[in-house]
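Me: I am new to this structure and want to know what stands behind the words used for it. Please show it to me, and then I will ask.

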Amino acid sequence: MSAPALTFVILAIAALGWQIGRRRALTVAGGPANAHSLHSRPVYFGALTALWCAIPALLLLGLWVLFRGSVVTALVVADLPPELRDLPENQLALVVNDIRNQVAGNFVRDDASPVIVGAAERYRYFDGLGRLVSTVIAPLVALLGLALVWRRIAPRVRARNHVEGAILVFIVASSTVAILTTAGIVLSVLFEAFRFFRSVPLFDFLLGIEWSPQTAIRADQVGASGAFGMIPLFTGTLLISAVAMLVAVPVGLMSAIYLAEYASRRLRSIAKPLLEILAGIPTVVYGFFAALAVAPAIRDAGGALGLEVASQSALAAGLVMGVMIIPFVSSLSDDVINAVPQALREGSLGLGATKSETIRQVVLPAALPGIVGSILLAVSRAIGETMIVVMAAGLAANLTANPLEAVTTVTAQIVTLLVGDQEFDSPKTLAAFALGLVLFLVTLALNVIALHVVRRYREQYE
Amino acid sequence: MNSANGARRVTSTVADPRFQARLRRRYASERRFQWIGRIALALGGAFLALILGTIVANGYTAWQQTFIALEIHFDPERLDPEGNGSEDALLAGDYGGLVKAALRKAFPEVRKRRERRKLQALVSPGASFYLRDMVLEDPSLVGETRTVWLPADDDVDMLFKGHIDRSAPEGSRRLSDRQLGIVDALAARGAVEKRFNRAFFLAGDSREPEISGIRGALVGSALTLLVTLLLSFPVGVGAALYLEEFAPRNRWTDLIEVNINNLAAVPSIVFGLLGLAVFLNFFGLPRSVPMVGGMVLALMTLPTIIIAGRAALASVPPSIREAALGVGASRMQTVTHHVLPLAMPGILTGTIIGMARALGETAPLLMIGMVAFIVDIPHTPFDPATVLPVQIFLWVDSPERAFVERTSAAIIVLLGFLIAMNGLAVVLRRRFERRW
């Protein structure tokens, strides 16, 4: 049986266990009338039984699903003739791939060697065996759990405490998932990045001004070494982000001010959700819009003015990204402006300042830390944005500050390096993880600073 | 005395022309400031209108597709040469030949080999699948002659939708003069018609725009979202419950909190790197499957759900908890029987918003290989699949003009789902929001 079907079977057994456990509890108590002699309400005995059915069996099944591939492959590889088994790792991977293809019936070669065919047979055998064993064992474990609890159900069993303990364990575990995710991100990116820095020195990567990640087929090829300097990528990212912020900050901030200080209730209730729609549009749609409409329009406009504009200019990607970021800036600044105490405004107005003078000279300076924080958050958003730059910015790593030229970004390069089938030990693929590490660290730093600034600012007025 | 003095000074200041000039300047500046605000707001609205307008203007034509009517003779010679009528034989029939024969019969004057090829290029290469499906559904068609509406090639479709300029020189046009003549002749016979584009909703991806559809991507998106929901909802609610209701305030819980806030702002592509390194390379899970895509997106939406969940739990007044504890409920009973149900609308709202974001997400899925060209429609979370945003991304890269229209149409469908989900969230909030 397949894993989803088995999961279903186990859950069915657990549901059955629930009923059985509940009935059993009532029976040992001596009927529903005596339910009060039980330590817990009968439903908790049911839940306890169901938990004992489902949890061990599902854990077992999960382990099997996770490790089935590697276990079966290891068994098959161990049976290969020694001359194949002792191949270097990457060639062995090719052989394993051949075997898997043979098993799946994809690209079956008529001239497949008998060794591969034999190995494929064994692969099928082990896989089938594992499937059979898991089909038998997982439900058996579930039934075993049922029987175990059934025998131990007694009026004094503290079923509720057990069940509540299990729930507590689950929710504590849930809350650590966030930590595990962060740890997973840091470790996986660090690990691959270290492998990258073994072949490319750290300082060449951080300070190099040339980026051309080639994989050489022959050692004497031109550009065989490849150049992995991230400076052009980073300047490209900053250039596009700068253009984006030039659009997003004035528009976002001024709309936030207008909405917070001037707009009528009705205008606010219409305009705010409309701006929020901009934040809800998927980035792939922005990318399409940039590539289809904005980039050609800018190129044509530039041509009319006699300027040379690349067809994938940084300006186009930056403009569209700026539009995407407007709602971030405006809704964050809106919160910040609304948090400025009314007394400050009234004091200023009472001295005879006009509304705009109050805003410029009292409200904005008071809200400045919060606004800076929200702009930093928006910058981190711009740096990490991927789809717009993949679709609308180029791939040429130019080191330039001219927004009319094509530049590439960190995220766009990560995508180009990793999309499609790649061998997993060339510097070219590993470079993507090094870039990912830089990206993660930069955005993390920006976020931490921004959150800190915003929090400090909030405390000031609370 | 003093006050009289003051009053005189005020009148004199107000009458002072310099004061008046300054006041005018200040009021002008006030008006300018307001106008800047209005313009900023209008710009935001204009951008929104421009984006949606561009997409709708490009995409609405994709609901229709040009069809060409042909007299198809279901020639037994070609379909079932052995005459046994079995399904295998019918599957292997030469349906392309039927189309060719029908075109030849309709235009006997086209003789030259090259011109014939151009003639055949007017009908979609996918037309043979249409005929095959017709015959498989009704094998008695073999031997009959029917008028069948077949999808036209994407170039013909574009011509009728006005995207091909007839006045352009022949060399720079996708259709030659001769082909234009034939198409016009067909149109004059009433054999060209725009019909509802069913293939767009019922077919998988294809290299031919006229027979490509979004069903595969839609099913892939649904499977991925299902996995995301099943993983992130229980874990997110659990984490929110623990942090809000049970956790002591100490270094560890502070760390978790800071972590969650930071995770919410980590670029989505970094989650893709995590999925690639951990799920694919370490655990060896298959590439391109909704299961892995759902796992990655679940990690990504978790912070959203946790933050929304905590806010919803925090808004339940303490009196509810105290009352439950007072009548003897355990802490867990208090939470599961009273607090959680009251917070559920808020949690669900947050979850729906998180799901909407996951539905529109592309970058992390590129990392785990959901960017493959997949024709088959997936059935389980372990079948290779793609999702709607990635399908859009793939179509943007295709050179055919007709894909622009289909990309826009796919975006309209995607935006439709997003609007529906966000609308549901708003309704939920309005309906069940409770002020204590």
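Me: Which residues are buried in H18(B)?

Reply: First, note that this is a predicted model. In H18(B), the buried residues are B:Leu388, B:Pro389, B:Val390, B:Gln391, B:Ile392, B:Phe393, B:Trp395 and B:Val396.

Me: What makes helix H18 (residues 388-396) of chain B mostly covered?

Reply: The count does. Of its 9 residues, 8 are buried. A residue is called buried if 20 or more other C-beta atoms lie within 10 Å of its own.

Me: What do the buried residues of H18(B) pack against?

Reply: Helices from both chains. From chain A come helix H10 (283-304) and helix H14 (387-392). From chain B come H11, helix H16 (331-360), helix H17 (363-367) and helix H19 (401-432).

Me: Why is H14(B) described as largely enclosed by the rest of the structure?

Reply: Because 22 of the 25 residues of H14(B) are buried.

Me: What is the span of helix H14 (residues 290-314) of chain B, and what is expected?

Reply: From first C-alpha to last, H14(B) reaches 34 Å. The expected value is 36 Å at 1.5 Å a residue, and the helix comes close to that.

Me: Where does H14(B) bend?

Reply: At B:Thr301, by about 35 degrees. A proline, B:Pro303, follows within four residues.

Me: Why is B:Ser288 called buried?

Reply: It has 20 C-beta neighbours inside 10 Å. The cut-off is 20 or more, so that count qualifies. B:Ser288 sits in the loop between H13 and H14 of chain B.

Me: What is the phi of B:Ser288?

Reply: It is positive, about 60 degrees, although B:Ser288 is not a glycine. Most residues other than glycine have a negative phi.

Me: Why is A:Glu276 called partly exposed?

Reply: A:Glu276 has 13 C-beta neighbours inside 10 Å. Exposed requires 12 or fewer, and buried requires 20 or more. The count of 13 lies in between, so A:Glu276 is partly exposed.

Me: Where is A:Glu276, and which residues does it touch?

Reply: A:Glu276 is in helix H9 (residues 265-280) of chain A. Leaving out residues up to four places away in sequence, A:Glu276 touches A:Pro327 and A:Ser331.

Me: How do you know whether B:Val14 and B:Glu82 are buried or exposed?

Reply: Count their neighbours. B:Val14 has 10 other C-beta atoms within 10 Å. B:Glu82 has 8 C-beta neighbours inside 10 Å. Exposed means 12 or fewer, so both B:Val14 and B:Glu82 are exposed. B:Val14 belongs to helix H1 (residues 2-15) of chain B. B:Glu82 lies in the loop between helix H3 (76-79) and helix H4 (87-91) of chain B.

Me: What makes A:Gly436 buried?

Reply: A:Gly436 has 30 other C-beta atoms within 10 Å. The requirement is 20 or more, so A:Gly436 is buried. Its place is in helix H16 (residues 427-461) of chain A.

Me: Which residues does A:Gly436 touch, not counting residues up to four places away in sequence?

Reply: A:Val189 and A:Ile414 in chain A, and B:Val270 and B:Leu273 in chain B. A:Gly436 and A:Val189 are 247 residues apart in sequence, yet their C-alpha atoms are 6.7 Å apart.

Me: Why is H6(A) called roughly perpendicular to H13(B)?

Reply: The two helices pack at an angle of about 70 degrees, with their axes 9 Å apart. Angles of 65 to 115 degrees count as roughly perpendicular, so H6(A) and H13(B) qualify. The residues in this contact include A:Val189 of H6(A), and B:Val270 and B:Leu273 of H13(B). The contact divides into 7 nonpolar, 2 polar and 1 charged.

Me: How many residues of the two chains are in contact?

Reply: Chain B contributes 68 residues, and chain A contributes 72. On the side of chain B, helix H2 (residues 17-59) gives the largest share, 18 residues. That side of chain B divides into 46 nonpolar, 19 polar and 3 charged.

Note on methods: Residues are numbered from 1 along each chain as its sequence is written. Chains are lettered from A and ligands numbered from 1 in the order in which they are written. This is a predicted model: local features need pLDDT of at least 70, side-chain atom pairs count only at pLDDT 80 or more; totals for chains, interfaces and linings use all residues. Two residues are in contact if their C-beta atoms, placed from the backbone, lie within 7 Å. Ala, Val, Leu, Ile, Met, Phe, Trp, Tyr, Cys and Pro count as nonpolar, Asp, Glu, Lys and Arg as charged, and the others, Gly among them, as polar. The expected span of a helix is 1.5 Å times one less than its number of residues. The bend at a residue is the angle between axes fitted to the seven residues ending there and the seven starting there. Axes are lines fitted to C-alpha atoms, for helices over the stretch in contact, and angles run from 0 to 180 degrees between N-to-C directions. Angles under 35 degrees count as roughly parallel, over 145 as roughly antiparallel, 65 to 115 as roughly perpendicular and the rest as oblique.
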